[in-house]
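Here is a short tour of one protein model for a first-time reader. Keep the sequence and the 3D view open as you read.

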Amino acid sequence: MASKKRGEVQLQTVINSQTLWDEMLQNKGLTVIDVYQAWCGPCKAMQPLFRKLKNEINEDEILHFAVAEADNIVTLQSFKDKCEPVFLFSVNGKIIAKIQGANAPLVNKKVSTLINEEKKIAAGEMIRPEVILVPLLSQYNETVFSLGEIYYIVIIKPDAVLKTKPQEIKEKITAAGFVIEAEDKIMLTEEQVRDFYSQIEDEPDFEDFLSFMTTGLSHVLVIAQIKDQMEESDLELEGPSEPPTASGAMKWKSLEECLEQQHISQFCDVEDNEAKVAKLTDVFFPDFKITKSKKLQKTLALLRPDILENQDDVLQIIKNEGFTILMGRQIVLSEEAAKMLCEEYEKETYYEKLIETMTRSPSLALVLLRDNGVQHWKELLGPKSVEEIVEYNAESLCAQFAMGSLPINQLYGSDSTEAAERDIQYFFPPEDTFALIKPHVTHEQRGEILKLIKDEGFELTQLKELYLTPEQVERIYVQIVNKDFYKDVLQVLSEGPTVVMVLTKWNAIADWRRLMGPVDPEEAKLLSPDSIRARFGINILKNGVHGATNLYSVTESISAVFGEDAGEQ
């Protein structure tokens, strides 16, 4: 439900997301909404009037007050960046009036008039008058999404994910000329499924479908289609459609047509209604309008051995420049890795000495994330050698940290997005681990655990909810099968459905065990209070989660519940 700001609990409900806005529209009677910008806050000058009206009218069932932050609500994007206060009046979920500016007498009159009408309608003394609604949806669709584009929400269903179909589907969509603007792998909630599939909610087998959609991993995509391409396709001659070429030259009338022609429509469902797409985008990707305006990129940064004594200064510059450090490790480079990173110096007389230096002492490898990250890091680095500094800004990192016996830039950066992907894959190779959430964990706690997993940089490669069989438990817990307490483990896991997962990231096995914390929740609270077991564990058996201990355990556990090829995405 909508939260309340301290000091305003009895006055104004705080609305700071599309979901909370939609909940507010369920209010009966009149809701007066102060639409504000995050940088300036609600209109405090009007709050005394609202308190006065609330006390005088004293009708909590039909009079409500709210503040709504335009920055975070898709419906209110047309009010974003406006400095003048705006007050909207919602009656039974319909916005019927708008007042601009902190005009207390006018707002007071409007509230009094609308409340008197509501009382008369409730008493049967008058019929609800016809009103012209204040348009909002038509204003925000173009603000959130780019002009000249059609947007879709696509859900790749759990059975397709288990069959490792998502990559194939995404490749066919992009090859056909569509653009994937955002994507996520999630375990859908019941509410999200009902929202997306509201048109089939009355069908007799919907509850079975609901169970299917909420017990496995789905991929959710925001897909864009250029309107000009769609309109051009309308001019093409009638006839059988040919598959799109690899260049994406084929023009499709819709995404649905594309999926059907490529025989992949059975694996996913599409929503194309403009208003509903906007609403669902806010549900699945609440930061979409922010991230769409940015070009977030990962790049690899490497601090060579001679500069490590100054690594704290370099790390501070990295943070000051707006980069987020996603991963980092010290590593003594192999000759192969050193040559890959030093290929630009291959013709220099000091090349052999450089390779020797790079393979003798540790370097620090980092994965950085920032808007336009690849290019910005390259600009910060400056030239490849100190001899070229005069041609560059003297504030470049090459100039600031010129040291050692070799005339080279002591830092490295990926040269392109393709090189960054290659470099990151090489220095931080992804690893799978197996994880499960035990039956005693509530649905709400499960959601918190899944969020922690994503926040720690894990990718949800596979996920499903199921009742584990004794044979599956034996393969997952093979190391303790002969222990006296094994029968207690079997009992705990038989008490309800278990969520099993394949998690992927660099150093995944160790990082998942660190995030879980010590086996005993009481010990975890002392040694690792932010760990999952410290927060959600009850006792040693009901400690919330489990994880594989080594590569053999990972392979055996994944095979037990997902099949032999489950980790191959």
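This is a predicted model, and a search for disulfides in it gives a count of zero. Take cysteine 268. Cysteine 268 is in no disulfide, and the nearest cysteine sulfur, that of cysteine 258, is 9.4 Å away. Cysteine 268 is buried, at a relative accessible area of 4%. Cysteine 342 is buried too, with 0% relative accessibility.

**Salt bridges**

How many salt bridges does a search of the whole structure find? The number is 24. The table lists three of them.

| Salt bridge | Closest N and O atoms | Accessibility of each partner |
| Arginine 194 and glutamate 207 | 3.3 Å | Arginine 194: 22%, partly exposed; glutamate 207: 49%, partly exposed |
| Glutamate 356 and arginine 360 | 3.7 Å | Glutamate 356: 49%, partly exposed; arginine 360: 54%, exposed |
| Aspartate 423 and arginine 422 | 2.8 Å | Aspartate 423: 0%, buried; arginine 422: 36%, partly exposed |

Salt bridges that share partners also build a network, and it joins Glu190, Arg194, Glu201 and Glu207.

Now place two of the tabled pairs on the chain. Arginine 194 forms a salt bridge with glutamate 207. This pair links distant parts of the chain. Arginine 194 sits in helix α7 (residues 190-196), glutamate 207 sits in helix α8 (residues 206-213), and the two are 13 residues apart.

Glutamate 356 and arginine 360 are both in helix α15 (residues 351-360). Why can they be described as about one helical turn apart? Because they are four residues apart in that helix. An α-helix has 3.6 residues a turn, so residues three or four places apart point the same way.

**Helix α3**

Turn to helix α3, which covers residues 104-122. The helix has 19 residues. At 1.5 Å a residue, α3 should span 27 Å, and its end C-alpha atoms are 27 Å apart, so the two values agree.

Which residues of α3 are buried? They are Val107, Val111, Leu114, Ile115, Glu118 and Ile121. Seen down the axis of α3, these buried residues fall within an arc of 125 degrees, so they line one face of the helix. On the other side of α3, Pro105 and Lys109 are exposed.

What do the buried residues of α3 pack against? Their partners are the strands β3 (30-36), β4 (63-69), β5 (86-91) and β6 (94-100), along with the helix α2 (47-57).

Look at the two ends of α3 as well. At the start of the helix, a side-chain oxygen of asparagine 103 reaches to within 3.2 Å of the backbone nitrogen of leucine 106. Just after α3, glycine 124 takes a positive phi of about 80 degrees.

**Two loop residues**

Isoleucine 127 lies in the loop between α3 and α4 (137-144). Is isoleucine 127 buried or exposed? Isoleucine 127 is exposed, with 76% relative accessibility. Along the chain, isoleucine 127 and glutamate 117 are 10 residues apart. Their C-alpha atoms are separated by 9.1 Å.

Asparagine 409 is also in a loop, between α17 (397-400) and β14 (411-413). Is asparagine 409 buried or exposed? Asparagine 409 is buried, because its relative accessibility of 3% is under the 20% limit.

What does asparagine 409 touch, leaving aside residues up to four places away in sequence? The contacts are Arg304, Tyr345, Leu381, Gly382, Pro383, Lys384, Ser385 and Cys398. One of these, cysteine 398, is 11 residues from asparagine 409 in sequence. In space the two are 4.9 Å apart, C-alpha to C-alpha.

The side chain of asparagine 409 makes polar contacts with the backbone. It reaches the backbone oxygen of proline 383 at 2.9 Å. A polar atom of the asparagine 409 side chain also lies 3.0 Å from the backbone nitrogen of leucine 411.

How values were computed:
Residues numbered from 1 in each chain as written. Predicted model: local features only at pLDDT ≥ 70, side-chain atom pairs only at ≥ 80, totals over all residues. Heavy atoms only, no water. Disulfide = S-S within 2.5 Å. Buried < 20%, exposed > 50% of the residue type's maximum accessible area, 1.4 Å probe, protein only. Salt bridge = Lys/Arg side-chain N within 4 Å of Asp/Glu carboxyl O. Expected span 1.5 Å × (residues − 1). Arc of directions from axis to C-beta. Contact = heavy atoms within 4.5 Å. Polar contact = N/O pair within 3.5 Å; in protein donor to acceptor, adjacent residues only side chain to side chain.
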